[in-house]
Amino acid sequence: MSAISIAYAALFYLAALVLVVGLVSKIAQYWRTPAPLKIATTPAPMTRTGAAFRVAREVTLFESLFKGEKLLWVLAVLFHAGLLLVVVRHLRYFIADVPTLLVLIQPIGVYAGFAMVAGLAGLLARRFLNPRVRYITNPSDIAMLVLLIAIGVSGLFMKFVLPTDILAVKAFFLGLMRFSIQPLPVHPGLLIHLGLVAALMIVFPFSKLLHAPGVFFSPTRNQADDPRERRHVAPWAAGYDAKRGF
Amino acid sequence: MAAKFDTPPLNLDHDVPDNPALTPDSMAHSRPFLAKPEHQEPLGFPGTLVDDWHDKAIGKMGELLGKYRSLQVYMDSCVKCGACSDKCHYFLGTGDPKNMPVARQDLMRSVYRKYFTPAGKLFGSFVGARELTQDVLDEWYTYYHQCSQCRRCSVFCPYGIDTAEISMAAREILDHVGMGQKYCNEIITKVHKIGNNLGLPERALADTMEGLEEDTLDDTGHDIKFPVDVEGAEVLLVTPSADFFAEPHVDGLIGYAKVFHQLGISWTVSSEASEAANFGMFIGSYDQMHKIANRIRKAALDLKVKRIVFGECGHAWRVAYSFLNTYAGPWDFLDPRYPVPQHILEVTYGAIKNGGIRLDKDANAGMVLTMHDSCNVARASRMGDFPGGQFVIPREVIKASVPKFVDMAEDTIFEKTFCCGGGGGLLTDDLMEIRVKGAMPRMNALKQVVEQHGVTHMAAICAICKSQFTKVLPYYGMDMNMIVSVHQLVSNAIQLGTNKS
């Protein structure tokens with residue numbers, strides 16, 4: 001077994017651990033922290049089911065962003081929808097017998113790779129070209145886009161320029177899933193691609209990528225507009241009724 | 001403080017003002033007066049900046065992060081996409097980039113990252129993290145008092161990040177290290193001491209209401225009551241204290257009285273809770289909001305009323321509609337057939353629909369109305385029993401009262417309404433420059449309908465909006481008397497003595 005295979009196996013175990021533990025602990029933190037007041041941005045749905053649909057629209061359609069800026073919405077959809085399809089396409093590396101549906105979407109996943117990189121490139125350009133966005137940009141914001149672009153480009157590079165032994169790659173990841181280290185092809189594009197993906201997994205719970213779980217916990221979006229009908233008191237505020245003094 | 005400044009130019013070709021060129025720090029000089037110890041200490045805040053302000057501020061921030069999911073999630077979630085960056089009226093009016101909502105949030109987020117996240121501790125400025133220094137604290141004081149907590153930015157944020165939540169938290173932290181704002185904290189002190197924001201004592205209130213009774217009798221020939229502290233009245237009316245004497249507010253109060261009179265509903269105000277406003281919200285204080293809100297519960301219990309109705313006031317309606325049940329509920333001792341609390345416009349709208357009152361539009365002949373949606377009513381509350389009732393109900397009442405109604409440009413009304421520029425605890429003379437500049441987007445939309453549709457008046461349903469517009473309209477070459485209460489229109493148009501049920 002090559003040192004590279006061992007190193008990458010260790011890297012992916014570490015990355016998966018950091019991603020899962022990090023995300024679970026952030027989600028637990030959001031879950032535990034109460035929203036003491038009803039602060040839905042109105043007009044808001046009047047039922048909890050309605051509020052759940054509102055959150056679902058934010059997650060799938062970027063409803064509020066559409067109201068905010070159309071160009072940004074297009075770039076964001078290109079990137080996120082592209083990424084989603086690319087991730088789905090990559091499931092074949094983790095499933096021994098690939099289901100037909102997953103086989104059928106493989107070509108779409110390739111186009112999605114281009115859409116994702118195009119969206120990211122647009123987002124990066126916008127960070128420099130729009131003076132307001134340039135003002136609010138930190139180095140980490142650029143680094144995040146560059147990281148994602150590099151992942152996309154290195155992936156497309158393997159698809160179109162210098163293919164790697166994808167059967168071996170699949171064997172490597174299937175092996176990792178049953179704690180058996182299989183040889184990973186020593187291919188520069190692949191090593192870069194996988195190294196960057198592991199890096200993304202590691203920074204995820206410590207970065208602005210927390211917007212992914214965060215959007216589900218946003219009180220302005222997930223609360224129902226029912227404060228007159230339903231009394232809402234946070235656990236930490238339960239003692240306040242007794243403080244009234246009359 | 002009252003240094004000269006230029007009123008921003010209007011551009012009537014565009015519904016929403018163009019993005020200004022960025023002028024960094026152009027509003028860095030705009031800070032409200034600091035609260036004096038006599039306005040800090042009664043609220044339980046230190047009188048002046050404490051020696052260990054750094055540790056206390058960080059400690060308070062940690063406490064708030066654990067108490068408010070909004071703050072915790074919003075500190076983490078921003079991706080700096082900039083969708084909000086051109087949505088704030090203060091940014092559009094000043095060009096100061098720190099008035100972009102995301103940049104305003106980042107004043108605190110940078111400190112959050114430094115002290116509460118591994119990335120900020122390890123990588124510092126690479127991830128936009130910075131130490132809390134005295135300059136940073138001053139910057140918070142400056143720019144968190146250039147936010148009216150109007151929530152327009154939150155409408156456009158893909159994660160619903162609400163800058164108001166962050167500016168409230170910042171002010172709460174500032175209060176706790178001894179850097180309170182004079183305007184808000186002085187007023188809250190007055191509410192506790194006297195019962196209302198304007199410091200109108202019980203005797204003066206009773207005299208004022210008696211005077212209104214006499215004036216209204218002279219004007220209408222009808223004996224319309226303006227009751228104070230009447231035990232057993234059906235309705236407790238809680239209204240902003242400006243309604244008791246300032247123009248155009250008081251004309252609205254006369255309108256409420258006529259509606260109650262015509263419907264045969266007995267009502268009263270309480271001298272102990274003669275104020276709808278709850279400035280505890282502006283300073284982000286759960287404690288103060290709780291104390292101020294419970295004056296109303298006490299008054300309702302003492303006076304044995306069956307219903308609570310709020311007068312026209314924006315942030316007060318937010319606190320009433322969204323928070324009153326939390327702070328001062330449950331309301332099981334009131335008449336369950338009515339929502340608690342009700343807005344006076346819900347009462348009037350219902351009465352128009354069921355024929356309880358009749359309105360004669362000719363009484364307002366010559367008036368062409370538009371409507372300013374007050375930010376807190378528009379984006380933080382509701383009226384009626386359907387989403388968006390807060391937009392429909394006031395408009396229906398206005399349309400029933402005047403011959404002609406025209407809406408302003410659609411990107412400046414409803415949930416996208418622009419703040420008047422004076423909300424969120426900014427309605428003070430020491431912030432005149434930011435108030436005038438922040439009013440620009442609303443003034444622009446108003447001027448459009450004045451020129452294109454002959455609009456003569458703008459109705460508002462908020463005491464702060466009314467006061468602010470009265471002050472800033474002249475800066476934009478418009479008459480301060482253009483601003484009216486919705487119930488002032490009702491007051492003119494209502495047919496007294498007819499079809500009494």
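Helices and strands here are DSSP runs, helices (H or I) of at least four residues and strands (E) of at least two, numbered from the N terminus. The model is predicted.

**Stop 1: chain A**

Select chain A on its own. It has 12 helices and 0 strands. Step along the sequence and the pattern reads α-α-α-α-α-α-α-α-α-α-α-α. Along the principal axes, the C-alpha atoms fill a box of roughly 75 × 40 × 40 Å. Now colour chain A by burial. Of its 246 residues, 32% are buried. Then turn to the contacts in chain A with a separation of 6 or more: 75% of them come from residues 24 or more positions apart.

**Stop 2: the side of chain B that touches chain A**

Bring chain B back. Here 61 residues of chain B are in contact with 57 residues of chain A. On the chain B side, the elements that give two or more residues include α2 (53–67), α5 (101–116), α6 (118–123), α13 (286–302) and α16 (375–380). Also among them are α3, α8 and α14 of chain B. Pick α3(B) next: its 6 residues are the largest share of this side. Colour the side by class and you get 29 nonpolar, 20 polar and 12 charged residues.

**Stop 3: two cis peptide bonds**

Go to B:Pro248. It lies in the loop between β1 (235–238) and α12 (249–263) of chain B. Check the bond from B:Glu247 to B:Pro248: it is cis, with omega near 0°.

Move on to B:Pro341. This residue is in the loop between α14 (314–328) and β4 (342–343) of chain B. A cis peptide bond joins B:Val340 and B:Pro341, and omega is about -10°.

**Stop 4: two positive phi angles**

Select B:Lys80, in the loop between α3 (69–77) and α4 (89–94) of chain B. Its phi is positive, about 60°, although B:Lys80 is not a glycine. Is B:Lys80 buried or exposed? Count C-beta neighbours inside 10 Å. There are 22, so B:Lys80 counts as buried; the cut-off for buried is 20 or more.

Finish at B:Gln149. Look in the loop between α7 (134–143) and α8 (152–156) of chain B. Phi of B:Gln149 is near 55°, a positive value in a residue other than glycine. Repeat the neighbour count. B:Gln149 counts as buried because 26 C-beta neighbours fall inside 10 Å.

Technical notes
Residues are numbered from 1 along each chain as its sequence is written. Chains are lettered from A and ligands numbered from 1 in the order in which they are written. This is a predicted model: local features need pLDDT of at least 70, side-chain atom pairs count only at pLDDT 80 or more; totals for chains, interfaces and linings use all residues. A residue is buried if 20 or more other C-beta atoms lie within 10 Å of its own, exposed if 12 or fewer, and partly exposed in between; C-beta atoms are placed from the backbone. Two residues are in contact if their C-beta atoms, placed from the backbone, lie within 7 Å. Ala, Val, Leu, Ile, Met, Phe, Trp, Tyr, Cys and Pro count as nonpolar, Asp, Glu, Lys and Arg as charged, and the others, Gly among them, as polar.
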